[in-house]
Amino acid sequence: MIIVPEREIAGLVNRKDSFDAVEKVFASMASGAAYNFPVIRESIGHADALYGFKSGFDRTGLNLGLKSGGYWPGNADKGLTNHQSTVFLFDADTGKCRAVVGGNLLTALRTAAASAVSIKYLAPTNAKVLGMIGAGHQSTFQVRAAVEQREFEKIIGWNLHPEYLVNLESVARDVGLPFEVVDLDQLGAEADVIITITSSFDPILMDAQVTGGTHIACMGTDTVGKQEVDAALVARASVFTDEIAQSITLGECQHAVASGLKQQDDISQIGAVINGDHPGRVSQDEVTLFDGTGVGLQDLAVAAAVVELALEKGVALEVDF
Ligand code: NAD
């Protein structure tokens, strides 16, 4: 069995590897070659933690396995990331455990890759302003991946806790773009692409605040009860997702579908756009919304890429198991 420790991941895999792996597996999901198993996600009644498993099988890449982990909100005070994840890959022919891979950085990379894939296929082609809602751990990964998809000229941001906005300011400086703190009215009116990446349980961005052709990537809602945007905005938008079953149960669409504002049949898989089976955005004035719920197959895809790179570079630990 191969072990790739968390400390090795940054030196092995980059944004392009992650983007390619996620784009490919979204396409496989839409063509029926890959499928996710039902998600387990539990509030464990200790340390305010949410813990669970995401798993699946990709018959094309022969990636079988699971990501175990969750969200510990008190970790930042201990100098740890709030998300803690480990990916387990199994040999699809024998069921033997093939690899254990640190999943923390991979989670951030694959989540940012998902919204970047949505921007590639759905954002207005002339998008100039990137609007960020959320400024925590994931947000800087989101910015770095997003700016590679369009010729952005400015980043604007809002966060419930303004003290975190320095994270966005600093990543904007790194990617060479000006950054401005704005209110939600200005963000909704000015941004051509909006990424929401918060732990909110109430809508932050309201329908009336979004004007003009916009692409919104809702990335924070991955649990029953969470919500980042107004259900009326979801209802108005052309909605795409990684996985429809997750979108309507634990993703951003859960509220609009439960209240009858959106029908499941009106939600499309992003993979269908990648495969050319769905046109995606049909006008520059449209509001498109990607509900990025986070699927196990994304984790397996990037972890499998890491295992190959670790073997190539000789940093994989091999143990008899
Ligand atoms: P974090 O704790 O580092 O940051 C949380 C962010 O949410 C901060 O900007 C914080 O100010 C904001 N926030 C906290 N409580 C809020 C509230 N009640 N209302 C509005 N904003 C609030 O977390 P992170 O690691 O950056 O993760 C952000 C979110 O993304 C989490 O909900 C996490 O579960 C989710 N996530 C989703 C995926 C996916 O694949 N879709 C992957 C990883 C993380």
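Which backbone N or O atom lies 2.8 Å from a nitrogen atom of the ligand? One answer is a backbone atom of Gly-292, at that distance from a ligand nitrogen. Please keep in mind that the model I am presenting is predicted.

On its own, the ligand has 860 Å² of accessible area, and the protein covers 88% of that. The ligand sits in the largest pocket.

Next, the surrounding residues. There are 27 residues around the ligand, and those that come nearest are Tyr-71, Arg-110, Asn-159, His-161 and Lys-226. Sorted by class, the shell consists of 17 polar, 7 nonpolar and 3 charged residues.

Where in the fold do these residues belong? Helix H3 (104–122) and helix H4 (137–146) are the elements that give two or more residues to the shell. H3 supplies the largest share, with 3 residues. In terms of domains, at least three shell residues come from domain 1 (2–107 + 297–318), and at least three from domain 2 (112–294).

How values were computed
Residues numbered from 1 in each chain as written. Predicted model: local features only at pLDDT ≥ 70, side-chain atom pairs only at ≥ 80, totals over all residues. Heavy atoms only, no water. Near = heavy atom within 4 Å. Polar contact = N/O pair within 3.5 Å; in protein donor to acceptor, adjacent residues only side chain to side chain. Areas by Shrake-Rupley, 256 points an atom, 1.4 Å probe, with all protein chains shown as cover. 1 Å grid on protein atoms, 1.4 Å probe; cavity = no way out; pocket = protein on both sides within 12 Å on 5 of 7 lines; lining within 4 Å. Sits in = over half its atoms within 2 Å of the grid points. Helix = DSSP H or I, 4+ residues; strand = E, 2+ residues; numbered from the N terminus. Nonpolar A, V, L, I, M, F, W, Y, C, P; charged D, E, K, R; others polar. Domains from an automatic or database assignment.
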